[in-house]
Amino acid sequence: MNIKKKIAIIGGGVSGLLSALEFQKRDRLVDIFDPDLITGNNGFGFLLMPNGVSGLKKLGYWNDVVNDATAVKTIQILNDKNEILSEKKVENIYGINRTAFLESLSKQLSTQVQRIPEKITFQNLQLSDSNQHQLDTESYEWILG
């Protein structure tokens, strides 16, 4: 019998969640190890630059996040006194809250992706959970972190 090995992803942030979604598209079983999945960095936000927007569109995730994003129309460069030194109009740049971004994407996760609220540490090329229990790495084909 050929047992299908899983993919372990250490960290459920932007890269971890997008990786899980892409493995899911390929019919892979995924475990995401993250003690604070989605809400770990509440309040943190970032800019989606044109190449990021293009990538999300190509991967098929743009429609999931666009409603939570705010288009940036102008970039201003200020001096120490908050005086505008220059101003430039921009297109295809969006600001988004990290939590909103991850929540939007996580709606696409299927039952093939398991969320495991454990903090994982690497020691001597071995994985251990927060209680220092060794994890069975033999059940994983790949471990990404």
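Trainee: Over how many bridges do strand 3 and strand 7 pair?
Mentor: Helices (H or I, at least four residues) and strands (E, at least two) are DSSP runs numbered from the N terminus, and two strands pair if DSSP finds at least two bridges between them. Strand 7 covers residues 94–97, and its N97 stands opposite G45. Strand 3 and strand 7 pair in the antiparallel sense, and the number of bridges is four.

Trainee: Which pLDDT must side-chain atom pairs have in order to count?
Mentor: Residues are numbered from 1 along each chain as its sequence is written, and side-chain values use heavy atoms, with hydrogens and water left out. This is a predicted model, in which totals for chains, interfaces and linings use all residues, local features need pLDDT of at least 70, and side-chain atom pairs count only at pLDDT 80 or more.

Trainee: Which strands stand at the edges of the sheet?
Mentor: The open sheet has three strands in the order 3-7-4, with antiparallel pairing. Each edge strand has a single partner strand, so one side of each is left without a neighbour in the sheet, and these are strand 3 (45–48) and strand 4 (70–71).

Trainee: Is helix 1 roughly parallel or roughly antiparallel to helix 4?
Mentor: The axes, which are lines fitted to C-alpha atoms over the stretch in contact, with angles running from 0 to 180 degrees between N-to-C directions, come within 10 Å for helix 1 (residues 14–25) and helix 4, and cross at roughly 10°. Angles under 35 degrees count as roughly parallel, over 145 as roughly antiparallel, 65 to 115 as roughly perpendicular and the rest as oblique. Helix 1 is therefore, relative to helix 4, roughly parallel.

Trainee: Which residues does F101 contact, leaving aside its neighbours within four places in sequence?
Mentor: Contact means heavy atoms within 4.5 Å. F101 belongs to helix 4, which spans residues 98–106 and lies across strand 3 and strand 7, running at about 85° to strand 7. With sequence neighbours set aside, the residues touching F101 are V14, F46, L48, L56, V65 and I96.

Trainee: How many residues of strand 6 are buried?
Mentor: Five bridges join strand 5 (residues 74–78) to strand 6 in an antiparallel arrangement, with I75 opposite K88. The two form a hairpin with five residues between them, and N82 in the turn has a positive phi of about 65°. Buried means under 20% relative accessible area, exposed over 50%, and partly exposed in between (1.4 Å probe, protein chains only). Strand 6 (residues 84–89) lies largely in the open because, of its six residues, the number buried is zero.
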